Amino acid sequence: MSTTTVRDRSRGAMARAESRQALGFVSPALAGLALFTIVPVVLSIVMAFFNWPTYGEKTFVGFDNYIKLFTSSPDFWPALRNTAVFTLLYVPLNVVLALVLALSLHSRIRGRAALRILFFLPVVTPMVANVLVWKMLLQPQGLFNSAAQSWFGFELPNFLADPQWAMIMVVTMSVWQGLGYNMLIFSAALEQLPDSVIEAARIDGAKGLRMIWSITIPLVSPSVFFASIMTMIGALQVFAQPQLLTGGGPGNSTQPLVQFIYNQGFKFQELGLAAAAAWILFAIIIVLTALQFGAQKKWVHYEH
C-alpha cells in the first residue's frame, strides 16, 4: 500500500470525525429548529385542511376553511381591510420620518448621539409600557384632553372609542414606537457615504435639497429598500399595538388579520380556520415582498 493511499485514508477518517463532531455541536440548534419551527409549520399546513377544535374529533374538510374565510366569515374581510389600511399608513410614515430624522441628525450638531438614543428608546421599551402611556394620554381624562380643555376651551373626541380615530391612533402610536429602528439603519448608511462622491457633487454645485434628492437618497437607497421590506412585513403582522391599545375595537374597526387569527384559534377554538387564515397572510406577505424585489431595479442603486 502506497504512502499516498494511507495518507488519503487518514484524511478521510479525520474529515468524517470532524463532520460527526460538527454535527454534535449543531444538533441542539437543529433540534430546536425542528421542534419549534419545522414541526409547527408542517402541522399548520395539515390543520388548515381540517375542522380542528382544541378538544374533540378532528375532521378532514379540504379547502372548506379557506372557502369559509372568503365567503361566510363576518370578521375576515374587515380584518384584512384593517391590515391593509394600517400597512398603507404605517410603512410610508415610518420610513419617510425615519429618513428625515436620520438626515437631520447626520449633520454635526451637538448632542446628536443623545438624540439618537432618545428616539431609539421606544423601540427597546416594553410594548405594554408604551401602550399604557398612550392610553393615559388619549383617554377622555387624559393629558391631551385636559390640556385642550384648559388651554383652548374645547373637548377632544374619545380617540380610542371612535371608529374614525381609533386606527389613526394605533398608527400614530406604532410610528412613534418603531421610528427609531429605521432611523438607526439610515444613520448607519449615511455614515458610510463615500466622501469622494459627496465632494464631487458639491464641486458641481449640488447643495441643499438637490444634494439630498439626487445624491444622498440614491446612495442610501439599498438601506431604504431593506427598511421598507422589513417594515412592511412587520406591519402586515401587527398584533400587539391594536390588541393592547384598543382590543381591536371599537367593534372590529382596528382588528388586524393576526388578531383575527389569534381570536379564531384561542378564543373560538377554531384552530383549522386560524391556520388557513395564517397561510393566507403568509401568501400575501410573499407576494408583496416579491413585487418589491421586482420593483427595486427601478429605484435601488447598488455600488458595483
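**Close-up views of a predicted model**

**View 1. The second largest pocket holds about 300 Å³ of space.** Of the 19 residues lining this pocket, Tyr90, Gln177, Gly178, Gly234 and Gln241 are the closest to its centre. Two or more lining residues come from each of helix H3 (76-106), helix H7 (163-191), H9 and helix H10 (240-245). H9 gives the largest share of the lining, five residues. By class, the lining has 11 nonpolar, eight polar and no charged residues. A pocket is an open set of points on a 1 Å grid where a 1.4 Å probe fits, with protein on both sides within 12 Å along at least five of seven lines, and lining residues have an atom within 4 Å of a point; the volume is the space filled by probe spheres set on the points. Helices are DSSP runs (H or I) of at least four residues, numbered from the N terminus. Nonpolar means Ala, Val, Leu, Ile, Met, Phe, Trp, Tyr, Cys and Pro, charged means Asp, Glu, Lys and Arg, and the others, Gly among them, are polar.

The model is predicted, so local features need pLDDT of at least 70 and side-chain atom pairs count only at pLDDT 80 or more, while totals for chains, interfaces and linings use all residues. Residues are numbered from 1 along each chain as its sequence is written, and side-chain values use heavy atoms, with hydrogens and water left out.

**View 2. The axes of H3 and H9 come within 10 Å and cross at roughly 145°.** Axes are lines fitted to C-alpha atoms over the stretch in contact, and angles run from 0 to 180 degrees between N-to-C directions. On the H3 side, the residues that meet H9 are Thr83, Phe86, Thr87, Tyr90, Val91, Asn94, Val95, Leu99 and Leu103 (contact: heavy atoms within 4.5 Å). Their partners in H9 are Ile212, Thr216, Ile217, Val224, Ser228, Thr231, Met232, Ala235 and Leu236. This contact is made by 12 nonpolar, six polar and no charged residues.

**View 3. Helix H8 (residues 195-203) packs against helix H9 (residues 208-236) at an angle of about 165°, with the axes 11 Å apart.** H8 and H9 are therefore roughly antiparallel (over 145 degrees). Met211, Ile215 and Leu219 in H9 meet Val197, Ile198, Ala201 and Arg202 in H8. The residues in contact are six nonpolar, no polar and one charged.

**View 4. Helix H4 (residues 112-124) and H7 pack with their axes 5 Å apart, at an angle of about 140°.** H4 brings Arg112, Arg116, Phe119, Phe120, Pro122 and Val123 to the contact. H7 brings Trp176, Gln177, Gly178, Gly180, Tyr181, Met183, Leu184, Ser187 and Glu191. By class, these residues are eight nonpolar, four polar and three charged.

**View 5. The peptide bond from glycine 249 to proline 250 is cis, with omega near -5°.** Proline 250 sits in the loop between H10 and helix H11 (257-267). Most peptide bonds are trans, and most residues other than glycine have a negative phi.

**View 6. Glutamine 269, a residue other than glycine, has a positive phi, near 60°.** Glutamine 269 is found in the loop between H11 and helix H12 (271-295).

Definitions and conventions:
Angles under 35 degrees count as roughly parallel, over 145 as roughly antiparallel, 65 to 115 as roughly perpendicular and the rest as oblique.
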